[in-house]
Structures are given as C-alpha cells and as structure tokens.
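User: I have a new structure open and would like to go through it with you. Can we start once it is on screen?
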Amino acid sequence: MAEIVKVVVDAMGGDNAPVEPVKGAVEAVMEREDILVILAGQSDVIRKELAKYPNCPKDRIQILNASEIIETAEPPVFAVKKKKDSSIVKGLMAVRNKEADAFVSSGSTGAVLVGGQILVGRSKGVERPPLAPLLPTAKGVSLLIDCGANVDARPSHLVQFAKMGSIYMEDILGIKNPRVAIVNNGAEEEKGNALVKETFPLLKACKDINFIGSIEARDIPSGYADVIVCEAFVGNVILKLYEGVGITLIRKIKEGLVSSLRSKIGALLVKPALKDMLKTFDASEHGGAPLLGLKGLVVKTHGNAVAVEIKNAVFQCVQFKQNGINERIAKQLNQDKEEKAEAEV
C-alpha cells in the first residue's frame with residue numbers, strides 16, 4: 001500500500017465554510033486510500049458536518065480543534081501573531097512540526113501567505129516563495145508565477161520563480177523541458193519596464209530552464225508558454241482578468257443558448273461537447289495554487305471554493321509529496337546559491 005499522505009484542510013476558511021471544505025475532504029478520502037485528512041477548526045462545528053457522511057472512512061479523517069477564525073479583512077501579520085488558536089495557524093504549525101505533509105485553505109490569502117513564510121518557513125536557498133496557480137489554455141494549462149505573494153520582486157526572485165515553475169510543471173504535469181516566458185508589453189527583448197529589462201538577460205543566460213523570451217497577455221490563453229513569469233502585482237491582475245473574462249464568457253454563451261426556440265434545440269445537440277469544453281476552463285478542476293519554495297506544502301484555493309476544488313487541492317498535495325517537489329526545489333536553488341558563492345571567491 002502507498003504511503004499515507006496527511007493533509008490539513010482549513011474547515012473554517014472561505015465563503016462556503018464549513019460545508020464545502022468538509023465535503024471536499026470526505027470526497028477525497030472516499031476516492032483515494034492513500035490520504036488522511038485533518039480538518040482544522042471548531043470541533044463541534046466540524047463533527048456536525050461530518051455527521052452528514054455516515055459512510056465516510058472515519059479512520060482517515062481527524063479533527064484538529066481550533067477555536068479562532070482569521071477573517072479576510074484582518075491584517076495578516078497581526079492576525080497570524082495574535083490568533084494562535086486559529087485554523088490557519090494551527091494547520092500551518094502541523095506542517096511545520098511534521099505532523100502533516102500539507103495545508104489547504106480557502107481562507108484569508110494574506111494570512112496563508114504570511115503564515116506560510118513565517119511558520120512553515122522557506123526552503124534553504126529560496127529568496128521568496130511565489131504563489132503559482134494553473135491557468136487553462138488552448139493547449140492545456142500554464143503556470144502563472146507569481147500571482148500574489150511578492151509585489152516588489154527583484155530580478156533574482158523572478159529567475160528563481162522560473163526554475164521553481166519549471167520543476168513543478170515537469171514533475172507534476174509531466175511536461176518535459178517546459179517553455180518559460182516573462183510577461184512583457186511586447187515581444188522585443190528591449191521592451192518592458194526596468195524589472196523586465198533587467199530580468200530578461202538573466203533568464204536568457206540561465207541553462208536550467210527553456211526560456212523562450214517575452215509573452216504578451218493576449219498570448220497566454222493560446223498556451224504559448226508553460227511557465228509564465230512575473231511579479232505578483234502583474235500576476236494578480238492577469239489572474240483576476242482571466243477569471244472575470246471566463247465567467248462572463250460562460251454566462252454569455254449560456255444566455256445565447258436559451259435566447260430562442262432554435263437556439264434551445266441547438267443547445268440540446270451541443271450540450272455534451274460544450275459541457276466538456278467549459279469544464280476545462282473551470283478553476284476548481286486544478287485544485288488551487290501552491291506556495292512554492294517552503295519547507296512544507298501550502299495550497300491556497302479560491303475564497304469561494306466548493307468541494308471539488310478542495311478535493312482536487314488535496315489530490316495535488318499527494319502528487320506534490322510523492323514527487324518530492326519541495327526537495328527538488330530546495331536542492332536546485334541551494335546548488336545555485338553555492339555555485340554563485342564559489343564564482344564570487
């Protein structure tokens with residue numbers, strides 16, 4: 001039997017807590033036998049939700065009692081330091097203390113990011129841990145790195161993002177020699193702001209990645225690159241616009257299909273194919289965004305995540321653990337640091 005992977009799920013985080021996090025956790029352990037989920041939160045509330053699933057394997061679902069909840073509007077640093085009995089802090093501490101392999105939360109993004117860096121800690125050699133979601137594209141998915149963790153990134157940070165993203169795409173998604181591009185306002189090498197201009201030649205000279213140059217925002221949906229590198233402000237704008245356009249487009253398609261009798265008849269014919277196509281653009285299918293470069297795995301799902309996204313986030317944690325992504329990232333970046341130190345001597 002495969003090694004059991006222990007994943008803490010924040011049962012109190014997000015718009016749909018505790019219903020959806022608990023449901024997602026139950027579905028995960030019912031589908032796979034190599035998972036043990038620890039639900040962090042108010043034990044009485046969690047037990048009430050678990051009572052809805054009398055057939056779930058109770059030996060692989062545990063409860064980590066946490067009396068406090070960090071709200072989205074709270075200052076992240078203050079909340080993490082003051083609310084030590086919150087589901088986010090106790091879940092992250094479980095990862096830090098090796099009591100769990102990973103932590104999944106739909107709660108406060110700021111608290112998860114701050115807590116991940118302060119409590120779980122960065123791997124040796126990692127300058128800044130980036131948040132890296134998968135974006136649906138015409139060719140499958142691309143990794144957007146960073147989308148929210150490091151607004152004021154330096155060129156050296158972006159180079160590390162590119163390396164971490166390449167390792168993730170190769171080991172998790174099986175994409176050999178993934179194409180890496182930096183977000184720019186033009187394809188020419190001389191284009192871009194100061195950060196992009198300084199980073200471009202560093203990426204170009206990097207032998208550890210398959211750097212293909214700049215990528216404009218309009219080329220991201222086509223799947224032009226597998227790893228899309230940028231600092232967090234740009235990445236977050238891309239992510240939110242991407243999600244907004246996707247939601248609007250899907251809504252407009254649905255409205256068009258029921259606008260007349262003829263379109264309704266046509267809708268019945270195309271419904272199976274359309275359903276499969278729209279599913280590929282559903283963010284919940286990809287299971288949230290990992291905070292790469294930590295000593296343990298931390299995954300942030302959408303604030304309005306439903307059970308399927310929570311379940312897929314747990315599955316992502318299993319694959320992450322089994323492929324040793326943390327170890328690979330730490331080894332690669334620590335090796336780079338040592339080589340740089342030797343070169344400066």
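Analyst: This is a predicted model. Glutamate 255 and lysine 252 are both part of helix H8 (residues 232–257), where they sit three residues apart, about one turn of the helix.

User: What do the side chains of glutamate 255 and lysine 252 do?
Analyst: They meet in a salt bridge, at 3.8 Å from N to O.

User: Why does that spacing matter in a helix?
Analyst: An α-helix has 3.6 residues a turn, so residues three or four places apart point the same way.

User: Is glutamate 255 buried, partly exposed or exposed? And lysine 252?
Analyst: Glutamate 255 is partly exposed, with a relative accessible area of 41%. Lysine 252 counts as exposed at 55%.

User: How many salt bridges are there?
Analyst: The count comes to 14 salt bridges. One of them joins aspartate 208 and lysine 163, at 3.5 Å from N to O. Aspartate 208 lies in the loop between H7 and S8 and lysine 163 in helix H6, so the pair ties together parts that are 45 residues apart in sequence.

User: Which of these count as buried or partly exposed, aspartate 208 and lysine 163?
Analyst: Aspartate 208 is partly exposed, with a relative accessible area of 43%. Lysine 163 counts as buried, at 11% relative accessibility.

User: Changing topic: how many aromatic pairs does a search of the whole structure find?
Analyst: It finds two aromatic pairs. In one, the rings of tyrosine 168 and phenylalanine 320 have centres 6.4 Å apart and planes at 50 degrees, so the pair is tilted. Tyrosine 168 belongs to helix H6 (residues 155–172) and phenylalanine 320 to helix H10 (residues 307–322), so this pair ties together parts that are 152 residues apart in sequence. Tyrosine 168 is buried at 1% relative accessible area, and phenylalanine 320 is buried at 3%.

User: What about the rings of phenylalanine 200 and phenylalanine 211?
Analyst: Their centres are 5.1 Å apart and their planes are at 75 degrees, so that pair is edge-to-face. Phenylalanine 200 lies in helix H7 (residues 194–205) and phenylalanine 211 in strand S8 (residues 210–215), so the pair ties together parts that are eleven residues apart in sequence.

User: Which charged end sits over the ring of phenylalanine 315?
Analyst: That of arginine 32, which is 5.5 Å from the ring centre.

User: Last one: which residues of H5 are buried?
Analyst: Ala111, Val112, Leu113, Gly115, Gly116, Leu119 and Val120 are buried in H5. Their cover includes helix H3 (76–82), helix H4 (87–96), strand S4 (102–105) and strand S11 (297–300). Just after H5, glycine 121 takes a positive phi of about 90 degrees.

Methods: Residues are numbered from 1 along each chain as its sequence is written. This is a predicted model: local features need pLDDT of at least 70, side-chain atom pairs count only at pLDDT 80 or more; totals for chains, interfaces and linings use all residues. Side-chain values use heavy atoms; hydrogens and water are left out. Buried means under 20% relative accessible area, exposed over 50%, partly exposed in between (1.4 Å probe, protein chains only). Helices (H or I, at least four residues) and strands (E, at least two) are DSSP runs, numbered from the N terminus. Contact means heavy atoms within 4.5 Å. Rings of Phe, Tyr and Trp (its six-membered ring) pair if their centres lie within 6.5 Å; planes under 30 degrees apart count as stacked, over 60 as edge-to-face and the rest as tilted. A charge sits over a ring if NZ of Lys or CZ of Arg is within 6 Å of the ring centre and within 35 degrees of the ring normal. A salt bridge is a side-chain nitrogen of Lys or Arg within 4 Å of a carboxyl oxygen of Asp or Glu.
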